[in-house]
Structure formats: structure tokens, C-alpha cells
Amino acid sequence: MGTGPLLLLATLEGTVMAAVLALAAVGLSLTFGVMRVVNVAHGEFYMLGAVLAWAVAQAVPSAPLGFVAALLIAPPLVAALAWVTDTTLLKRLNYDPESTIVATIGLSYLLQQGALSFFGPDARPVAAPFSLRLQFPWFGYSGYKLFVVLAALLVLGAVWLFLRRSKAGLVMRATQVDRNTARAFGINVDRVYAGTFALGAGLAALAAVLVVPISQAHYLMGHDPLLLSFIVVIIGGLGSLRGTLIAALIIGLADGILSMLYPPTLAKIVATLAVALVLVFRPQGLFGAPAR
Amino acid sequence: MTHLPRRCVLAGLAAGSALALSPARFAMAQSAAPIKLGFQLHRTGIGASYGRWYERTAQAALTRVNAAGGINGRPVEIVFEDDGTDPKRGAEVVDKLVSQHGCDLIFGPLFSHVVIGSAPRAGELKVPYLVCSEGYHVASGMLNRWTLQPGITDVRAQVSSMAPWVTSTLGKKVTMVFPDYAFGHDHRDFFTAAVEAQGGQIVAKIAVPPTETSFTRYFPQIPADTDVLYHVMVGPAVLTFVKELGEFYGSGARPQIFGFIDSLEAVDLAGPGLEFLEGTHFWEGHCRVKQADAPAWEGEYRAAVGVDDNGASVSDAKDVATYAHMFSVWETLSVIKQGMEAAGYQSTADRQKFVEAVEAMTGFDAGLDHVQGTKTFNGKTHQVFGQQFISKVEGGKLIRVHATAIEDGLYPDAVDYTTQSF
């Protein structure tokens, strides 16, 4: 394959990777930004979204309908579970950073082993809603992957609009800036926290439903998105939506292009190195506000 | 072929199970205590799909052995212990099965990194360790006298026996895609040698980390002049690999594709995105789809392990078996029974006698004890050799198009374990 087609394929792969990263990371970024809770179970909410998508798609006979049904059913279910988790677990720990990390680690094991028990150990496919394939002269490419890029842009845009333009978004941002003052102004911080945690988990599940037709639902699939989400969120700046998007683009494109031209392990080394450099020289991330 | 005990047939199922439960049934043994077999099981981790079916196969084989009177007149028990498909945990499981459960021997692991990580501990504990892993690490001399592989042919023999068919039927310029660890390296090394011996050429070797989840980035490395793409993948991402391969070639020109069924074990070939596999070829250790000329015992074996004629669970057509590999568990238990009876095995003090008894074996006849087919056993290298099958996807089903002879896969001994001390 010549250099031109190779670069085209690398850019396509990188863009798709960036979209997947941004989708997976936005929920984590939100949870941390507003609640200052490091949700280690984020990857398992993602996994749960994919597994539920498979379960829903099984129950609906046609592929496009199954996908739409999964899109409508899985994220709210996962969000509801996260809401319950917040009120029964995190709230009782008073959102203490160390305790919540340990608690969400425990939660991640519960979710993972629960999925193993009830869903089984196999990787299960979910059919894409359409099977368009782009045939370039040198290679074929899945049209659905490009749809994921579009969907990621839509989801990020919707989250941005929600935070900037809606009353709930305003309340969330107020809580993010100062929890005590927000409470003094009559904001029900407990509900904001539960809502944020649910929204973060729901976004993870939404990302998973979008991504599962290009990978598979599997009970161990939460590891990678968790790690990559952390990388993206640390580089982009905790709680910054713009930072998350830009970091996802940097990491995704770098990974796509580097791993096409060099051994893929090198791309992982570069991503990890970038995290280390950001932590050393700009601990708040590229777009994060310095800690007060 | 082995026949069912006559009285079981006469007394019928109810009487048979009543007999199995009665202590008098095992009265001939010096000790009526059960023989305890430890099973190192990939219940979780990347090998979990295999683990589930290995457990079912082991249970089915156990039921059959106990229904036929157990081993040396004693009932048999299997203690399953999950190793998480993790080498470190694997060695701990060996310890636990021997020290805590007091198992007489251990069998069952598939993944080569687990086997290589656990075998040294089995050697230290001086406990027979019968693996079902396909790896060349047993016959290569890398492991020890306590480690045996009497249930499944190793990768070296598998690929050597099939290379002539691949180069003569599909093409001589081959690109290999394989997982970057011991099992994949066996494929790389021995298939390369076998293809070159046939006058063929490996034009590219693409190693993929076993934890990889996205594969499109590797495909541009496939040279355009490739005649045959040889793929073998393991782990939960295998389906993604095959689907992305299909997307990459799309409707354009593509080489012939020859894969190890490992790339699609526990995966339904009728799944979305797999249409392009039509007309491609697969290695199978044991044909997933019941072939028209299947031997008489094939149906009995499928019924025992709960697999239908398409290779899926009888209770759930979407639950596809790891059929090409799981016979090794069934056959290994047959060898354990035969070996313990030949050694007059009574207690853990007889473990060495058991290993010596297995080493003295020379082969196994096809039948309900050895459902995959006739095999030759090499006591010096602790490795068994059987036929291999090549199947073609026709109408979404795997139809056998070639069977190798056992001799095709034989190679010179690299070790003589019988000269090593216990």
C-alpha cells in the first residue's frame, strides 16, 4: 500500500479512535469536574451499556430497530443504577476522595463479576444499524465507524449545550465552582451529585452502545476505556469539556497514525509519556483550572 | 470402540444412577475414598469461553467414567479451580489443588502462558500435570517429567501436517498474523519452516499483542503479493479481528484466507459481518459441524457434552462450543483412567507410577474414549499426535475438505523426558 492510502487509512482510524475516546471520557470528566470523585467503575458502566445493548438487540428482531432500542434503553438503565449507587454508597462516604476510589474499585469488581455471572464469558456481537461499506481503490472501510465520529460530535455538542444553556447545567456548574456556596443559595447539592453521577454513567453507556457494533460486548471490555479515559481527562484537564475533546483528538490521531506506521506499542508509549509530561509541567491539564 | 457396561444397558438409566450412588459399587477397591482430580480451569479472564466448555466437557467425561465404575473401582471427583487465565494465578492454583484439596493429579489448562507458568510448580510438587494446551512447550523439552500432553496434538505437528495442503492448494506466498506470545510463536516458527520446506515463502509475519482490541492498523502490513493470509487469534477480540479483516478487504481483491478456528472458537459463523468468510478455510482439531461421514460415537459424544450437530449448545443455539479443542479434556480423562489402572494407582504415593504408565503408552484407538480419532503417543516427549482437519466455509457451515495423516505431523524428538529424574 502506498504512503497516500496508508495515511488516509491512518487518519480515518485515528479520527474514529478520537471519537471513541471523547465519548468514553466525557462522562468521567464530568463526574470528576463536578463531584471531584474519581470513578474507577466508569469502565464497568461502559461495559454494562454494551452488555445491555446486546441483551436489548437480542430481544428485538431487526438490526436497526434493535440498535435504536438499545440506544434508548441501555443508557437510562445504567444511569438509574448509577443514581442508586450514588445515594446508597458515595453519599454515605461523604464523597471523601480516598474512600470513593476504594468504593468504586469494589463496585467495578461487582459489576464485572455480575456481568460474568449473568451474561457469560463470551464476546457477543451487536449488529450495526446499517451495513454501509466505503470501498476505496486500496481498501474498504466501515461506514458505521464514520457514523460513530458524527455521533460523538453530536453527543459532545449536546453535553456542551446542556451545561451552558440549561438550568440544570447552570446548577451543575455552580456546584462545580463551590459546593458550599451553591448549597447556601438553596441548590440541592445531593441531587446535583446524584444527577451528575447518573449522567456520567449514562454517557459511558451511550458511548458503549455506539461503539459496540465495531467491537463486541464482553465482560472485561471496561479496562481499556477506563485507562484511555483517564489519559484523556488528565491531558485535557479535569472537568473541561473542551480539553477532553482536544486531548481525545491528540491521543486518537497520534495513536492512529503512529500505530499504522510504527509498532502499535509505540503509540501507547507516546500516550503514556504525554500523560507524564502533562502531569510534570501542567498538572491541571491543558485546559483545566488550577486547583484552589 | 468402547461399549457401555452391559448391566447399565440392561438396568436402564434409573437403576444405573442408583448403582452409581451405592457404595457397594466401588467395593472392590482397597480404598473406597474417591480419586480426586484437580482441574485448572480458565473460568474467567481471556480464556473464559474455553473454560466454560472445558468444564462442561470434564463434567460429562466424569459422569461417564463414574457410570462405568470409576477408576480402579473407586469413584472419581473433579475439583475445579479458576486460574483467571493468568500464569501467576495458575501456579497458585496448582499449589492449592495439591496442598489444600489433596488432588491426585491436575489436568485441563489450555492457554500456553498459564501452562508454562504453572508446570514448574507441578514439577516441584511432584504431581502429574496433564495439559490440553496444543503448545510445543511439552515436546520441546522446556517443561518437566511431570507434565504430559496426551489429549491434543501440538502446534508444531498441526502446522507441519497442514502446510503441504496450504501451499499446494491455496498458494505459496503466505502472510501470517498471529498473537505475540508463546502459542503464536509456535505457529510462526513451525509454519514458516514447514512452508519453506514445501518451496513456499512467508512474505510477512505480523505479530499482534494478545490484548489488542483493534486490528485495522495491522492490515496495511499485509503485502499486496500475498497469496494466502494465515491467521490465528485468541481472546475475546477474535470476532473484531475477523470482522475488521472483512471490512478491510471489502469487495476488493483479497488473498486466500486460511485461519485457525481459534480465531472463531465460541463464535457463531452466521453472526453479522462474517459473510466474507464464505469460501475461506479453517483448521479444526475436531469438526464443529457434524460431518456426513461422522463415526458412530460422534453422536454419543455430542449428546454427552450437550452440543448439537451445528456445534452449539443443545439448550441455546447461540452458545457456540469451543468444539475444535474441548475433546482434549474428554480424551485426557480417558488417558488418566487408563494410566491409573495400568499403574494400579491407589494413593498419591503412586503418582510416579502413573507418569511411568502413561509414558509406556504408544497410542490410542478412535472410539468413545478418544472421540477425535486414532492417535500415536510418544512417551519420550510426552506428546500425542492425531489427525488434523481442514474445513471450508460453505453456506455458513464448516465442511471438511481435507484430513491429514498422523505421519504428516511427526518430527524428530527434541527431548527424552524418561531419562530425567522424578
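In the predicted model, B:Val174 stands opposite B:Val228 of strand β8(B). The pair belongs to the contact between strand β6 (residues 173-179) of chain B and β8(B), where four bridges join the two strands in parallel. On β9(B), B:Val228 also has a residue opposite, B:Gln256. Strands β8(B) and β9 (residues 256-260) of chain B are parallel and pair over four bridges. A further position in this pairing sets B:Tyr230 opposite B:Phe258 of β9(B).

Strand β8 (residues 228-231) of chain B has buried residues on both sides. B:Val228 and B:Tyr230 point one way, while B:Leu229 and B:His231 point the other way. In a regular strand, side chains alternate between the two faces of the sheet. Strand β9(B) is largely enclosed by the rest of the structure, because four of its five residues are buried. Three bridges connect β9(B) with strand β10 (residues 281-284) of chain B, again in the parallel sense. Here B:Gly259 stands opposite B:Phe282 of β10(B).

A second sheet in chain B is antiparallel. Its three strands form an open sheet in the order β13-β14-β15. The edges are β13 (363-364) and β15 of chain B, each of which pairs on one side only. Two bridges hold the antiparallel pairing of β13(B) with strand β14 (residues 375-378) of chain B.

Helix α10 (residues 351-359) of chain B contributes four buried residues: B:Phe354, B:Val355, B:Ala357 and B:Val358. Viewed down the axis of α10(B), these buried residues fall within an arc of 160°, so they line one face of the helix. An α-helix has 3.6 residues a turn, so residues three or four places apart point the same way. The cover over the buried residues of α10(B) includes β3 (105-107), β5 (147-148) and α9 (323-343) of chain B.

At the domain level, chain B is divided into domain 1 (6-153 + 324-386) and domain 2 (155-284 + 388-409). The centres of these two domains of chain B, taken over C-alpha atoms, are separated by 30 Å. Contact between them involves 16 residues of domain 1 and 18 residues of domain 2. On the domain 1 side, the elements giving two or more residues are α2 (48-67), α4 (112-125), α9 and β15 (383-386) of chain B. Helix α4(B) supplies the largest share of that side, three residues. By residue type, the domain 1 side divides into six nonpolar, nine polar and one charged.

Between the chains, 24 residues of chain A are in contact with 21 residues of chain B. Two or more residues on the chain A side come from each of α1 (3-35), β1 (133-135), β2 (140-142) and α10 (241-261) of chain A. That side of chain A divides into 13 nonpolar, seven polar and four charged residues.

Within chain A, one position in helix α8 was examined. A:Ala194 lies in helix α8 (residues 189-211) of chain A. A:Ala194 is buried, because 20 other C-beta atoms lie within 10 Å and the threshold for burial is 20 or more. Leaving aside residues up to four places away in sequence, A:Ala194 touches A:Trp83, A:Asp86 and A:Thr87. A:Pro76 is 118 residues from A:Ala194 in sequence, and their C-alpha atoms are 14 Å apart in space.

Definitions and conventions. Residues numbered from 1 in each chain as written. Chains lettered and ligands numbered in written order. Predicted model: local features only at pLDDT ≥ 70, side-chain atom pairs only at ≥ 80, totals over all residues. Contact = placed C-beta atoms within 7 Å. Nonpolar A, V, L, I, M, F, W, Y, C, P; charged D, E, K, R; others polar. Buried ≥ 20, exposed ≤ 12 C-beta atoms within 10 Å, placed from the backbone. Arc of directions from axis to C-beta. Domains from an automatic or database assignment. Pairing = 2+ DSSP bridges.
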